[in-house]
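Please look over the structure shown here. The briefing below goes through it topic by topic, in short points.

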Amino acid sequence: MEQRKPVPAFSPADMKRRKARALVMALLLVAFIVIVFITTVYKIKAGVGG
Amino acid sequence: MSLEHTYGHALDEPLGGQGSARDYFELLKPRVMSLVVFTAIVGLFAAPGHIHPWFGFMTILCIAVGAGASGALNMWYDADIDAVMKRTANRPIPSGAILPGEALGFGVVLALASVVMLALAVNWQAAAMLAFTIFFYVVIYTMGLKRRTPQNIVIGGAAGAFPPVIAWTAVTGTVDLGALSLFLLIFMWTPPHFWALALFREGDYAKAGIPMLPNVAGRAETRKQILLYALVSVAAAALPALTGVAGALYAAGAAVMTAAFVKQAVDVYRLGDGEGGDKAAKRLFGFSILWLFSMFALILAEKLLGLAAFSAVL
């Protein structure tokens with residue numbers, strides 16, 4: 001069986017960039033959930049369902 | 001043919017995932033987005049009726065995300081020509097920071113999310129219009145017109161003119177003459193704005209094979225067309241006052257700004273080729289942005305100050 005090539009290691013600069021990107025994605029996801037939640041609350045208050 | 005040649009990268013290089021958050025932000029064309037957001041906010045305030053501030057915020061957010069998605073899809077499709085133009089060579093795809101497939105996925109997800117969110121949060125009429133706008137910019141303009149006809153930006157300009165109409169529709173649930181007057185302000189502004197740019201970036205567009213008006217019809221014809229559209233923009237500038245969207249403050253400011261806009265277009269026409277002509281084109285390009293900003297800022301200022309609009313005569 002052919003041996004798989006090892007995945008190239010990330011440099012410290014790469015890791016820093018990846019961490020920053022993951023943090024931004026996480027924050028955007030939280031913002032999205034908050035937005036959907038508030039919108040749902042207001043729609044329910046307005047009597048037009050979720 | 002080597003595998004590296006086939007796949008465009010060495011096989012031990014990571015496949016994508018190299019773009020930073022900033023690269024993805026650049027993919028959204030933030031400068032275009034800022035104009036879209038501003039004109040949409042004005043549409044939201046200018047529309048007759050009331051919208052809850054949260055749903056107003058949701059409208060602007062969805063329009064901004066939809067505009068960003070359009071920018072990402074435009075960069076995905078145009079990566080080949082962006083790479084050869086000086087102005088666009090550093091964009092995230094030609095620079096290698098983001099792979100075309102990543103940009104495509106990013107754009108499609110954002111486009112779908114913005115339309116669905118607008119439909120669920122506000123109303124389906126505005127969402128349908130946002131979907132049409134994204135389709136118009138990506139498919140009609142980017143894929144269809146841009147590389148085929150020198151009228152590309154005339155027709156494609158409609159995509160940039162829709163945001164205030166979408167916001168208007170979010171408030172009223174419909175499109176009327178008032179919304180159309182905001183649409184026409186941007187629609188008539190687009191050709192002189194981009195043709196002024198094309199006059200001093202002609203070489204770039206020619207290198208990329210984009211049939212901008214100066215390459216196809218010549219510089220003299222372009223200057224004539226710029227002047228004609230600037231003259232038509234006088235009528236477009238009057239429309240918000242005639243349709244009851246704007247009042248005296250707008251009318252006074254619009255008269256001054258539009259007179260200056262036409263004067264700049266006359267300068268471009270009169271000075272022709274040479275250093276003076278190039279400078280005039282650059283001045284017109286810069287001033288055109290100020291003109292559009294002023295027109296919408298005047299409408300917004302009137303609404304925020306509670307000044308009365310004229311009665312509609314159209």
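The crossing of H3(B) and H15(B) is left-handed; that term applies if the near helix is turned anticlockwise from the far one by less than a right angle, and right-handed applies if clockwise. This is a predicted model, where local features need pLDDT of at least 70, side-chain atom pairs count only at pLDDT 80 or more, and totals for chains, interfaces and linings use all residues. Residues are numbered from 1 along each chain as its sequence is written, while chains are lettered from A and ligands numbered from 1 in the order in which they are written.

**The helix pair**
- H3(B) spans residues 30–46 and H15(B) spans residues 275–305. Helices (H or I, at least four residues) and strands (E, at least two) are DSSP runs, numbered from the N terminus.
- Their axes come within 9 Å and cross at roughly 35°. Axes are lines fitted to C-alpha atoms, for helices over the stretch in contact, and angles run from 0 to 180 degrees between N-to-C directions.
- H3(B) contributes Phe38(B), Thr39(B), Val42(B), Phe45(B) and Ala46(B) to the contact. H15(B) contributes Phe296(B), Ile299(B), Leu300(B) and Lys303(B). Contact means C-beta atoms, placed from the backbone, within 7 Å.
- By class, this contact has 7 nonpolar, 1 polar and 1 charged residues. Ala, Val, Leu, Ile, Met, Phe, Trp, Tyr, Cys and Pro count as nonpolar, Asp, Glu, Lys and Arg as charged, and the others, Gly among them, as polar.

**An enclosed helix**
- A residue is buried if 20 or more other C-beta atoms lie within 10 Å of its own, exposed if 12 or fewer, and partly exposed in between.
- Among the buried residues of H9(B) are Pro163(B), Trp168(B) and Val171(B).
- The buried residues of H9(B) pack against H3, H4, H7 and H10 of chain B.
- Gly173(B) follows H9(B), and its phi is positive, near 80°.

**Two domains in chain B**
- Domain 1 runs over 11–175 and domain 2 over 179–314. These bounds come from an automatic or database domain assignment.
- The C-alpha centres of the two domains lie 22 Å apart.
- The contact takes 27 residues from domain 1 and 24 residues from domain 2.
- On the domain 1 side, H3, H5, H8 and H9 each supply at least two residues.

**Chain A**
- Chain A has 1 helix and 0 strands.
- Of its 50 residues, 2% count as buried.
- 9 residues of chain A are in contact with 8 residues of chain B.

Technical notes. Contact = placed C-beta atoms within 7 Å.
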